[in-house]
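This report walks through selected local features of one protein structure, moving from backbone geometry to charge pairs and surface patches. Please look at the sequence and the structure together before reading on.

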Amino acid sequence: MFKRFKPFSLNNLKVSQKLFMIYLLCVLLPILAINIIFVRWTIKNLTNQWKKEININFDVYVANIRSIIDDTLYFTNILYSDEKLNEYLNRNYANENDYFDIHSEYLRPTIYQAKNAYPQIEDVEIWHNNPTIPLSDGFSYINNNVRQTEWYKLINSSNKSVIIVPTFSEDSWRVSIIRKLDYYDRMFGEQDENAQHTYKKILKVDINLSSFISIIRYNFFDGELYLLDSKNHILGSNTLFEYYMMKPLITFDYNKYDKNEYMIFQRNLNKINLLNNWKIVGIFERNYVTGILKKPILFFIFVALISLIVATVSIYFISRSFSIRLSILSKHIRKNAKKKDFSIIEINEGNDEIGETIREFNNMSKKIKELIEKEMLAKIQRQNLEIERKQAEINALQSQINPHFLFNTLESIRMRSIIKNEKETAEIIKYLTKTLRRLIYWGNDVITIEDELKFIDEFLRIQNYRLGEKLTFEIYADEDVKNLRIPKMTIQPLVENSCIHGIEEVEGNGYVKVKVYKDADKLLITVEDNGRGMKEEEIKTLFDNIYCEKNDSKSIGLKNVYRRLQLFYNDKFTFSIDSKYKQGTVIKIGILLNNDIIYKTVENEEKSNV
């Protein structure tokens with residue numbers, strides 16, 4: 001399939017064609033696509049943001065309306081549960097003076113406190129059928145005219161004790177909370193069937209409609225807002241609000257607004273007490289939304305055109321800067337190939353990749369002649385290099401002879417010591433030979449603990465021979481850890497430090513104890529001595545040297561041990577030093593047993609060596 005389209009490969013197109021394709025695919029189309037997508041995305045986001053802000057305003061309207069209703073209901077609750085008020089309204093008064101004393105002292109102040117505490121309450125009236133109570137401010141008798149009113153019929157026929165309805169009074173509309181004051185009547189009636197007869201009492205609290213209109217009157221967007229009751233009657237609007245207050249209730253007509261020309265937002269007030277099916281409706285012209293978005297759209301189009309013009313001009317001059325030089329380079333190469341004339345290109349190369357190519361071509365042309373002239377010299381140099389390589393191999397072979405000479409010499413000294421019956425000296429020379437051989441011929445990187453401890457034993461015997469009775473040592477290992485494997489030379493540098501820096505620098509006898517054992521999921525290695533010990537500052541300096549990445553002569557033994565442990569086990573080991581000045585030092589290494597190296601088999605080791 002690839003071969004079928006090979007004639008149409010990009011390699012067959014001219015540079016100018018490729019540059020045009022780059023401009024088309026990487027500049028023109030992406031800029032147009034990105035700007036179209038961005039404009040659509042911005043329009044969508046701005047529209048959503050506008051709707052979100054409208055909904056936020058509606059939330060504010062709802063919260064303010066809830067506050068008015070809740071505050072008014074709170075006041076009605078006070079009167080509803082007022083035991084004194086209930087008692088005075090159910091009392092049979094002997095004369096008007098008896099009533100008006102109570103009216104002035106308690107009844108009138110009780111119901112009129114709302115006008116001072118709640119500015120939205122315009123009037124409070126308690127309607128009753130107690131014939132001994134005369135007509136007075138705030139208290140009215142239920143007569144036939146009242147029984148014919150819509151609000152009285154609703155509360156009288158309703159099984160609810162409180163309702164909210166729009167009412168018309170004194171040439172203006174109001175929102176009234178109508179409530180039966182039957183709390184104590186029902187309570188005493190349920191407790192005592194023989195309770196005395198009580199009178200009907202209905203509380204009517206009028207909320208000024210302007211309180212609701214003032215909430216929706218301030219609209220942050222150009223549009224119409226309406227407050228509707230459960231029958232879609234217009235109770236208020238941010239436009240012509242005085243008209244709606246003075247006229248009979250007008251039903252809101254949804255069909256009046258074409259959905260293609262208007263956007264309708266509606267928020268139900270069902271979550272507010274007693275305002276079931278009441279709602280706030282917002283009407284906004286779609287042209288208003290389009291007008292809001294017109295400026296940003298024009299701005300994005302302008303930015304897109306500017307970007308396209310700048311990109312086109314820039315691409316033209318940038319492409320021209322290298323297309324001309326590529327054409328010159330191509331012609332010069334064809335000329336040199338035919339005539340075998342390696343002349344240089346005389347042009348202002350520039351500092352970009354094409355300029356580098358031209359300079360490299362000029363350098364190549366210069367060096368071709370030099371290479372031809374120096375061909376014989378190059379052959380001689382290659383021969384010299386071959387001779388040097390052979391000499392290096394000879395030197396490497398000679399370096400292998402020196403250790404054998406050293407071991408043979410030590411063996412000769414040991415044999416002469418045996419002949420002279422100096423068995424102790426011969427034994428120490430044997431241990432020294434083994435130690436040197438082990439160090440020179442490294443062999444495996446990982447060995448068993450048993451082999452490591454054998455080497456420690458030989459090393460300590462040499463130190464014991466050197467220090468005499470000043471040094472005693474003890475080596476212990478659990479049987480179940482001897483076949484476990486650790487990196488070679490893990491313990492020896494620790495023992496060497498104990499001998500040289502610990503025991504030698506104190507007077508009197510010293511000891512070195514090496515212990516290897518299991519503790520839960522760890523293999524623990526401890527090296528303890530009663531030597532010089534270290535101060536806290538020395539321990540801190542020692543660890544700084546161990547953790548330092550620079551290679552220096554300070555604490556090289558401990559640093560090598562720590563780095564090898566880190567190399568083999570990563571973070572699956574611990575390394576600690578506990579030392580007290582003039583008392584001794586304990587170095588402890590803990591290795592987690594859940595790793596492959598500690599259980600490495602001989603077969604795997606031999607394969608790794610191969």
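In which loop is Lys582 found? Lys582 is found in the loop between β15 (573-580) and β16 (584-592), in a model that, like every part of this structure, is predicted. The phi angle of Lys582 is near 65 degrees, a positive value in a residue other than glycine, and with a relative accessibility of 64% Lys582 counts as exposed. Asn277 also has a positive phi, near 70 degrees, without being a glycine; Asn277 sits in the loop between β8 and β9 (279-285) and is partly exposed, its relative accessible area being 44%.

**A buried loop residue**

Ser136 belongs to the loop between β1 (121-128) and β2 (139-141). Ser136 counts as buried because its relative accessibility is 11%, which falls under the 20% cut-off. Its side chain makes a polar contact of 2.6 Å with the side chain of Tyr99.

**Salt bridges**

Across the whole structure, a search finds 11 salt bridges.

| Pair | Closest N and O atoms |
|---|---|
| Arg267 and Asp59 | 2.4 Å |
| Arg532 and Glu505 | 3.6 Å |
| Arg532 and Glu538 | 2.9 Å |

Arg267 forms a salt bridge with Asp59, with 2.4 Å between the closest N and O atoms. Because Arg267 lies in strand β8 and Asp59 in helix α1, this pair ties together parts that are 208 residues apart in sequence. Both partners are partly exposed, Arg267 with a relative accessible area of 22% and Asp59 with one of 40%.

Arg532 takes part in a salt bridge with Glu505, where the closest N and O atoms are 3.6 Å apart. Arg532 lies in the loop between β14 (522-529) and α15 (536-547), and Glu505 in the loop between α14 (492-503) and β13 (510-519), so the pair ties together parts that are 27 residues apart in sequence. Arg532 also forms a salt bridge with Glu538, at 2.9 Å between the closest N and O atoms. Arg532 counts as partly exposed at 22% relative accessibility, as does Glu505 at 47% and Glu538 at 29%.

**Surface patches**

Which residues gather in a patch of negative charge on the surface? The patch consists of Asp222, Asp258, Glu261 and Glu285. One of these, Glu261, lies in the loop between α8 (241-246) and β8 (262-268) and is partly exposed, with a relative accessible area of 48%.

A nonpolar patch is also found on the surface, formed by Phe20, Met21, Leu24, Leu25, Leu29, Leu32 and Ile36, which together have about 630 Å² of accessible area. Phe20 counts as exposed because its relative accessible area is 52%, a value over the 50% cut-off.

Methods
Residues are numbered from 1 along each chain as its sequence is written. This is a predicted model: local features need pLDDT of at least 70, side-chain atom pairs count only at pLDDT 80 or more; totals for chains, interfaces and linings use all residues. Side-chain values use heavy atoms; hydrogens and water are left out. Patches are made of residues with over 30% relative accessible area and no salt bridge: like charges are joined within 9 Å, nonpolar side chains (Val, Leu, Ile, Met, Phe, Trp, Tyr) within 5 Å. Accessible areas come from the Shrake-Rupley method with a 1.4 Å probe; for residues, only the protein chains shown count as cover. A salt bridge is a side-chain nitrogen of Lys or Arg within 4 Å of a carboxyl oxygen of Asp or Glu. Lys and Arg count as positive and Asp and Glu as negative; His and the chain ends are not counted. The place of a charge is taken as NZ of Lys, CZ of Arg, CG of Asp or CD of Glu. Helices (H or I, at least four residues) and strands (E, at least two) are DSSP runs, numbered from the N terminus. Buried means under 20% relative accessible area, exposed over 50%, partly exposed in between (1.4 Å probe, protein chains only). A polar contact is a pair of N or O atoms within 3.5 Å; within protein, one must be able to donate a hydrogen and the other to accept it, and residues adjacent in sequence count only if both atoms are side-chain atoms.
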